[in-house]
Amino acid sequence: MTAITTAAPVAAETSRNLTRTLLIGLLLVAAALPFLVGKSGFISNFTFLQLSLMIVYAIAVLGLNLLTGFNGQISLGHGAFFAVGAYTAAILIEHYGVNYWLTLPAAALICFVIGYLFGLPALRLEGHYLALATFGLAIAVPQMLKYKHLEPLTNGVMGINLLKPDAPFGLPLSGDQWMYLVVLVVAVAMFWMARNLLNSRPGRAMVAIRDHTLAAGTMGIDTSRYKATVFGISALYVGVAGALHAIIFEFVSPDSFRFELSIAILVGAVVGGVASLPGAVIGGIFVQFIEKYADAMTKKLTQAIHLPLELQPWTLYGITLIVLIYVMPGGIAGGLAALWARLRRHKGG
Amino acid sequence: MAPLLEISSLRAYYGATEALHGLSFSIAQGGITTLLGANGAGKTTTLRAISGLVRREGSIVFDGRPIDKMATEDITRLGVAHVPEGRGTFVGLSVEENLKIASYGRRDKSGVRRDLDLVFTYFPRLKERIAQQAGTLSGGEQQMLAISRALMLGPRLMLLDEPSFGLAPLIVQEIFQIMRRINEEAGVSMLLVEQNAALALNLAENAYVLETGTVVMAGPSAELKNDEGIRKSYLGY
Ligand SMILES: Nc1ncnc2c1ncn2[C@@H]1O[C@H](COP(=O)(O)OP(=O)(O)OP(=O)(O)O)[C@@H](O)[C@H]1O
Ligand SMILES: [Mg+2]
């Protein structure tokens, strides 16, 4: 998207075909994985769960990226939509016995509406103020989930326990393996839709609004309606991610969705690469992997190199973040693209 | 002939501050009118008020239709194209996408194609750079793109906010010549805001001079140009 086209169109075409072939190959391997592994235990159920969580976070990061990367609106509160999506799924399954597949469109719809409605007054807010308002959302929602009169539905601070669905049709897959497939399919569909949206007229209007809102208005674009709608779509993505999270994690509670989650999604978007679809995937991996292991790795590292001082948990996370932002200001996706371009120039020249 | 744009008692506000204090002026069909004045006089605000980009009061009639209550996108659809101060390039989009964005609201697809060809006859340089990311264009090229984008709206009136800003004299000359051609060949009327009064008075038939949100001087360009008193006290050259 930000790459400067200098190569001949033919070369660009070839490289695009190559990328597509690679991507499809990769996805096929990813989809075949649970079937190949089967019940051999060669890849543990726990690992499949971890992979699923990465993909779920990738969907959430993509959602925020649509808003921030492609439309220029900052949110420090998308964890709130994640929570709403997760609770929608959990409540529908627990109290109404709804099929887990159906909770996804339900979470999507509810989060779209809430996101759109939140996006409307947010139109008056720019930059820092929007960041603060969304931050308020991130703070308020977990508290609201603890609200006494909602307890019959939400079960208060205790949260709701769920049971992971089994693989259907007698497929020889564990629940974790099956849900990994479900998450993968949903993610592919949502990335595909995002790509189509961005390549369409409304997608280009989104980017125009990001680049110069006033000029976009003078081009006949209804910037207010667009911004609110993009807010809704962004919330929809994060809500679906939240619903999937509830199903695969088999648990929701207010404390699973504290404001740190919002920050983690934002960090994932920036580290992966703002305004980049591959960046969202990298961001999702980053959220799950670094976040979950930074603590343990900090301890291991301290022991391994016999550091004379005791590193606090999260130290590694902080350091990684600072280094990444300095080394790759365009995120990992941007950094890789630049590296790739340099390698090709070397080969060519 | 009735004027294309007629403005009376126009006030505009940024928050609680009033930036225009009751402006009145009009623009003839087919002509070029320039709006001159010192920094902060309210030129940009006037254009924004016409386009509905700031809160405004008073009457703005475009081609017999009141537009002072309308939203920006509707005003655009009526044929008012605003080339904003600082060019307003969509830096993340290609030149082609910048141009096509203007035509999203248009139904006449053949008209869109015709206007795209027209744009390329005026600015062949943009055709060569059709796939280039707009943010990497030079300042002059970005100004050409901004004017072209406005042309793609199929406008009757173009509002141009300091198109010469920050450009080398040769490029400015080139752009101003093309603006004249657009006016004469495509019949697009223009309201031109300029710091460079000499340049603007050469292009425009009529001129208004603004001072702190009010019109202080009006007349045919030739008269303003030839009156040394006016030149010295209002135009600073
Ligand atoms: N966004 C804004 N918020 C508050 N006040 C503004 C804003 N934009 C302009 N103003 C004020 O409105 C008045 C008119 O400004 P305007 O930009 O219309 O002047 P201008 O004639 O275009 O000046 P210049 O030649 O420097 O572009 C100025 O006093 C300016 O400070
Ligand atoms: Mg100005």
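Tutor: This is a predicted model. Start with helix α7 (residues 175–198) of chain A and helix α10 (residues 223–249) of chain A, whose axes lie 11 Å apart at an angle of about 175°. Angles over 145 degrees count as roughly antiparallel, so α7(A) and α10(A) are roughly antiparallel to each other. From α7(A), the contact uses M179(A), V182(A), V183(A), V186(A), M190(A), M193(A), A194(A) and L197(A). They meet I233(A), L236(A), Y237(A), V240(A), L244(A), I247(A) and I248(A) in α10(A). The residues of this contact divide into 15 nonpolar, no polar and no charged.

Now the charged pairs. Side chains of opposite charge can pair when their charged atoms come close. The whole structure holds 14 salt bridges over all chains. One of them pairs R204(A) with E97(B), with the closest N and O atoms 3.8 Å apart. R204(A) sits in helix α8 (residues 201–211) of chain A and E97(B) in helix α3 (residues 95–101) of chain B, so this pair joins two chains. E97(B) is partly exposed, at 23% relative accessible area.

Chain B has its own pairs, including R125(B) with E174(B), at 3.4 Å from N to O. This pair links distant parts of the chain: R125(B) is in helix α5 (residues 124–128) of chain B, E174(B) is in helix α7 (residues 169–185) of chain B, and they are 49 residues apart. R125(B) is partly exposed, with a relative accessible area of 28%. E174(B) is partly exposed too, at 31%. A network of salt bridges links R125(B), R129(B), E141(B) and E174(B).

Notes: Residues numbered from 1 in each chain as written. Chains lettered and ligands numbered in written order. Predicted model: local features only at pLDDT ≥ 70, side-chain atom pairs only at ≥ 80, totals over all residues. Heavy atoms only, no water. Axes fitted to C-alpha atoms, helices over the stretch in contact; angles between N-to-C directions. Helix = DSSP H or I, 4+ residues; strand = E, 2+ residues; numbered from the N terminus. Parallel < 35°, antiparallel > 145°, perpendicular 65-115°, else oblique. Contact = heavy atoms within 4.5 Å. Nonpolar A, V, L, I, M, F, W, Y, C, P; charged D, E, K, R; others polar. Salt bridge = Lys/Arg side-chain N within 4 Å of Asp/Glu carboxyl O. Buried < 20%, exposed > 50% of the residue type's maximum accessible area, 1.4 Å probe, protein only.
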